[in-house]
Amino acid sequence: MGEDTEQVWSATVDHLRSLIDSGALAPGSRLPAERVLCEELGISRGSLRQALRVLDSIGYVQIRAGSGTYVREQEEPDQPLRTWFTEHDQLVEKLFDLRATVEPTLAGRLARHATAKVVSRLEDNVAEMTRAAEDGDMLRVIATDAEFHRVIAQNAGNDDVAGLLRSVLALVGEERRAALKLPGQIRKAVDDHRAILDAIRRSDPAAARELTLKHLVDAKTYAHDFAAHPEER
């Protein structure tokens, strides 16, 4: 893998998840040390850590501070999607509410001082998410969705708040996985991300805040309605 690309994390995610899906990395097993993985994959430690954060956010691995990174059990919920949302409605609402409190402010702050490099990373991310949606690659869609929000948080200029949000995003793997399976949500997520990116690119903090808030509120409302009104779907 070449290091001179913004898509190194994506290729690394694909490689590691293929090892997990194939059983080469068994559930519960500890991943090799970072130094070993970096040598095997030909990437930097920073790129590896970024890929591991994405895998953590979509429920493939668990990063344990001071211990290492471990493969999670990969189990698809046997209950229908609507049932999952009904049974987890309060959790989903709380997670969306917390994100809606923090993320719009971070997006607005980033719009004030986003560098060309950060904008390029977000552009690459939206392009990658679009390709994943066209290919029907759900896990790549989920990974790029997680990464889009993480890049904004990481570069918004408030390390304490960004750290809190990263912790929250690490908890919402199943929520994100379920939310993006709702009918029409992948296309809407791509369109929303593109609009948020455009506001950041043109240095419009108010638009970045409003679009991010609408993106999260709409997702919460759609998830709630999907669970509450099955006869309308």
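These legends describe an overall view and several close-up views of one predicted model.

Residues are numbered from 1 along each chain as its sequence is written, and side-chain values use heavy atoms, with hydrogens and water left out. In this predicted model, local features need pLDDT of at least 70 and side-chain atom pairs count only at pLDDT 80 or more, while totals for chains, interfaces and linings use all residues.

**View 1**
Helices (H or I, at least four residues) and strands (E, at least two) are DSSP runs, numbered from the N terminus. From that terminus the order of elements is α-α-α-β-β-α-α-α-α-α-α-α-α. Of the 233 residues, 45% are buried; buried means under 20% relative accessible area, exposed over 50%, and partly exposed in between (1.4 Å probe, protein chains only). The protein exposes about 11,300 Å², with carbon and sulfur atoms supplying 50% of it; these areas come from the Shrake-Rupley method with a 1.4 Å probe, and for residues only the protein chains shown count as cover.

**View 2. The largest nonpolar core has 23 residues.**
A nonpolar core is a set of buried Ala, Val, Leu, Ile, Met, Phe, Trp, Tyr and Cys residues joined through side-chain atoms within 4.5 Å. L31, L48, L55 and Y60 touch the most other members. Two or more residues of this core come from each of α1 (8-22), α2 (34-41), α3 (45-57) and α7 (138-154). Apart from it lies another core, of 20 residues, including A107, I200, A207 and A208.

**View 3. L55 and its contacts.**
Not counting residues up to four places away in sequence, L55 touches V13, L16, R17, Y60 and V61. Contact means heavy atoms within 4.5 Å.

**View 4. Helix α7 is mostly covered.**
In α7, 15 of the 17 residues are buried. The end C-alpha atoms of α7 are 24 Å apart, which agrees with the 24 Å that its 17 residues should span at 1.5 Å a residue. The expected span of a helix is 1.5 Å times one less than its number of residues.

**View 5. Helix α6 covers residues 116-135.**
Its 20 residues should span 28 Å at 1.5 Å a residue, and the end C-alpha atoms are 28 Å apart, which agrees. The buried residues of α6 are V118, V119, R121, L122, N125, V126, E128, M129 and A132. An α-helix has 3.6 residues a turn, so residues three or four places apart point the same way. After α6 comes G136, whose phi is positive, near 70°.

**View 6. R194 lies in helix α10 (residues 185-201).**
R194 counts as partly exposed because its relative accessibility is 38%. Leaving aside neighbours within four places in sequence, R194 is in contact with V126 and T130. R194 and L122 are 72 residues apart in sequence and 8.9 Å apart in space, C-alpha to C-alpha.

**View 7. A199 is also placed in helix α10.**
A199 counts as buried because its relative accessibility is 0%. Residues up to four places away in sequence aside, A199 touches A111, D204, A207, A208 and L211. A199 and A107 are 92 residues apart in sequence and 9.1 Å apart in space, C-alpha to C-alpha. After α10 comes S203, whose phi is positive, near 55°.
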